[in-house]
Structure formats: C-alpha cells, structure tokens
Amino acid sequence: MAWVEERVGRSGKITYTARYRDKRNRRRVAGTFSSYRAAERAGNAAENSTAAAQVGDPRRGRQTLEAYVETQWFPNHVIEASTRETYRNRLDLYVIPELGTMRMQEILSSDLRAWITTLQGQDYGASPATIAKCKVIVDAIFTTAFNDQIVPVHPGRGVKTPPVPTRPRRILTPEMYDRVHLALPGETMRLLVETDIESGLRWGELTELRPKDLDLQTRMLVVSRAVTELTSKDRPDGQRFIVKAYPKDQEYRSFKLSQHLVDKIALHIEARGVGADDLLFEAPEATTARRSRPEVLPDPETLGRTEPNAQGRTFLHGTTSAYGPGKCRCQYCKDAVAAYRAQRRAGGKDAPRKPRAVATDGHIGRGWFRTNIWMKALAKAELGFHVTPHGLRHAHASWLLAGGADLQVVKERLGHASISTTERYLHTLPNADETALDALAVMRHGARPVTEPQTSQEREAELAELEQLRATVAKVRQLHETLGLAI
C-alpha cells in the first residue's frame, strides 16, 4: 500500500513525498509534489507498476513488445557483444517497426506469419537468410516471456520461414592460395595469412595471438583468447576491440604447427622485438580509412546518362555535373567527384582534409584488412571468384581432410562443437569428385580413369588401335554377309 509523507521546509513550505514498497519490501520514493493528491497518485502508480511485474498479473501481458524488449528482455539477455550489436540492428530494422506496438499477449502465430510475409514484400525485400535470423530473435523474446509467464503461449512455435538454400563452398586450392599469397604486400601480412591457412584460426583468434601462446620448442599453439571488433557507434565504454578470455567454443584448444611456420614466426618475433605479451600481428601505425577509387576513370561517353532531374536535365555518368545538379550517387559519379576534389587539394586550392583514423589498440581490424590488403591481393591474383579471409579457415579444413587427416583430429584442431560441422568440409575441393567420374568411365566404357594423363604418342597409339578394331569388325560383318550368316 502506497502512502504519502508530509514535509515542511525551512521556508515553511509544505511538500508531499510519495512512498511505496518494491518486490523486495524495500522503501522507495516515487517523487515529491506540492499537493497531497499528486503525491498519492504517483505512489499508487509506482506500486501498480511494481505489482505488474509479479507473476500472474494480467497487466504484464498487456505491455507492448517494444516496451518489454527495451526495458526487460534486451538489457538482461546474456549474449556476446558482437551478437548484441547484430540483434540491435535487426530489432530496429525488422522487428520493432512491425511488431513493436502490439501487446505481448495479443501476438498470435498468425501475426508472425503475416510479419514474415511483410518482410518478404517490396517495403523490406529481406532475404530468406535475414528473415530466418530475425525469427531467431523473435523466438528468443517469446521463449523468455513464456518462461516468465508474461504470455500464455509461445506464438513462434510452428511458424516457418522461407527456406534458405545451402550453396556449395568454393574452396581455395593450394595453387590458388599461392597466387593470393604472392600478391600480398609486406612480410607481416604474408606471415599473417600463412599462419591463418596453416592453423585454421578464426579471425578473432588469429589477431589476438601473442608470443606467449606458442611454445617454439614443441611447436604447440594454445588458443585461449579471441578479440571481438565492435562497429556500432553506441559501443560499451567506447571500446572498439574487446578481448574475451575464451575462444568462440568457450574451450581452450592446443595443436601443433609446422616447423617451417614456427621458424618464420620466431624470426618475426626476433626481428621486430615482439614481447611475450605483445600482439604477434599488430596493425600498422598509419591506419586510415580512405575511400578507394580506380586509378584510371572510365570515359563518361561510355557510361550513359542519368535520369532527368527536377528541371528535366540529364547528365553523363562519371562527371561532377551528374553528381551535383543531377544528384546521381552511382559509383562512377562518386569516383569522379573524389578525383576532382583530390586534384584541387593537391593543387593547394582547397584545405586538405585530415584523414579519418580508425580507432585501434593495436589489433588489426577486419574491415581494414579486407579493404586495404585482402581485396587488392584477390584482384591481382585473378582467381575468377570471390573468397573471404574466413575462406582460409575453410581451405585449411578441406586440405587436411583431403590429405587423409582423421576427422576427429580436424574437429578438435578447428574447435568445432559438433563433428557434423567438420564433415561439411569433406569432398569440397574441385577435384574431390574425380574418383567417382573415374569409376563411372571404367564401368561404362572400360576406359582408363579420366584423371590419368596421356601423352600425345599414347593418344595416337590408342586412336590407331581403335581404327584397327573398327576395320576388323567391318571385315567380320562382310564375311558374315557373304556366307549368309546372322550376326
């Protein structure tokens, strides 16, 4: 029961303080007011709000999904910092706008099916994979609400999302990797990528490696930490890199590295004076975020014209006029304006803009590495398909299994929670299906395996033998016809 306490100030003015007790029976203040009635209302409202948080109170289910998510579920949901960033983004883009104003107890399975249909529509155009991930968040919300007896049923049960097709992995072959490795700039980046391909580490594990994690004598590497890079503007404590005292699977693991890789790492440590607690691979000092543009701009005459602006005028793409009066924001027009501004600054006509520095505590950022190192190396290597830095981990697993490594050993080396995850890397290399084709060729044609190389002399001898066989068959047919025998 709320109550009101009357107070008299030094000036003789009377005020009224509203008080109530919370769920732990502690005295709380709901505010101080100039009238008794206002204090009484505030005390009763605070008490009712406390009662609404008790099990069995129907008012708990009448709160909106947005209110429940923002005040109860999201602040107290235990997830990794990077996952929290992802959840925040999807909540703001896909969940709250459509479901946020609905009351928790009134959301039914039919409402979630309609929500999924809306996400597939033109207003959102969300992919099946995005919809499935958003459904995971909604299911987590209602699982907590159901367990806390806020809603009587779980509306997400039985609600299906569009199927997400599984695409075959494109795995780097050793030859492809060699081309990428040669295109990398500098010994440090080459050693970083070589360590990745020979260890199969995740990016957060690789960039958090320190000399103390590697025993140079036994060549055993212990993976005990990982770093997470946060990209949201609203980061906890403003930190961009957060080091976790455990890897992704929350279990330490150790495995051996090859002798030649350990020798290179030892030389790297000695040459750069890397301490035992220092980062093995540290971001370059001049880490800037410059927007890349092609060295040679295309001829605007070959790019076509923009859509008519408000005055009905059109402009050639790849020109400053198209970017300005034409208000075109295609890549060609952006590159043209960037080149124009850079030329003016180089001529001293405009004050040079200070480049934006990427905040780092020494860790190599995933985005910086991808833009400044990896993508440029891929362009030089001309592989014909795109592969991410995480693809090095895929290649490591595929190479081990293709070379005959034990499946359980590969699982423990990669830190997979389930062996079924490791099994996905079986037969993923481009030549993994050749044995099946060889067997098919032998059974159908009695031919040698298609993978066995033939010299030109062998091929000519095989053709001559085939022609001789055809001539013999023709003679036999002619003899049977002469004698009047059936073949």
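Tutor: His390 counts as partly exposed, because its relative accessibility is 36% (buried means under 20% relative accessible area, exposed over 50%, and partly exposed in between, with a 1.4 Å probe and protein chains only). The model is a predicted one, in which local features need pLDDT of at least 70 and side-chain atom pairs count only at pLDDT 80 or more, while totals for chains, interfaces and linings use all residues. Residues are numbered from 1 along each chain as its sequence is written, and side-chain values use heavy atoms, with hydrogens and water left out.

His390 lies in the loop between α12 and α13; helices (H or I, at least four residues) and strands (E, at least two) are DSSP runs, numbered from the N terminus. Leu201 is 189 residues away from His390 along the chain, yet their C-alpha atoms are separated by 8.9 Å.

Six of the residues in the contact of α13 with α14 are nonpolar, one is polar and two are charged (Ala, Val, Leu, Ile, Met, Phe, Trp, Tyr, Cys and Pro count as nonpolar, Asp, Glu, Lys and Arg as charged, and the others, Gly among them, as polar).

The largest nonpolar core has 43 residues, and Ile364, Phe369 and Leu383 have the most contacts inside it (such a core is a set of buried Ala, Val, Leu, Ile, Met, Phe, Trp, Tyr and Cys residues joined through side-chain atoms within 4.5 Å). Among the elements that each supply at least two residues of this core are α12 (366–381) and α13 (391–402). The greatest contribution to this core comes from α12, with seven residues. Apart from its neighbours within four places in sequence, Leu383 touches Leu172, Met176, Arg179, Val180 and Leu378.

As for the whole protein, there are 17 helices and eight strands, and buried residues make up 35% of its 487 residues.

Key
Contact means heavy atoms within 4.5 Å.
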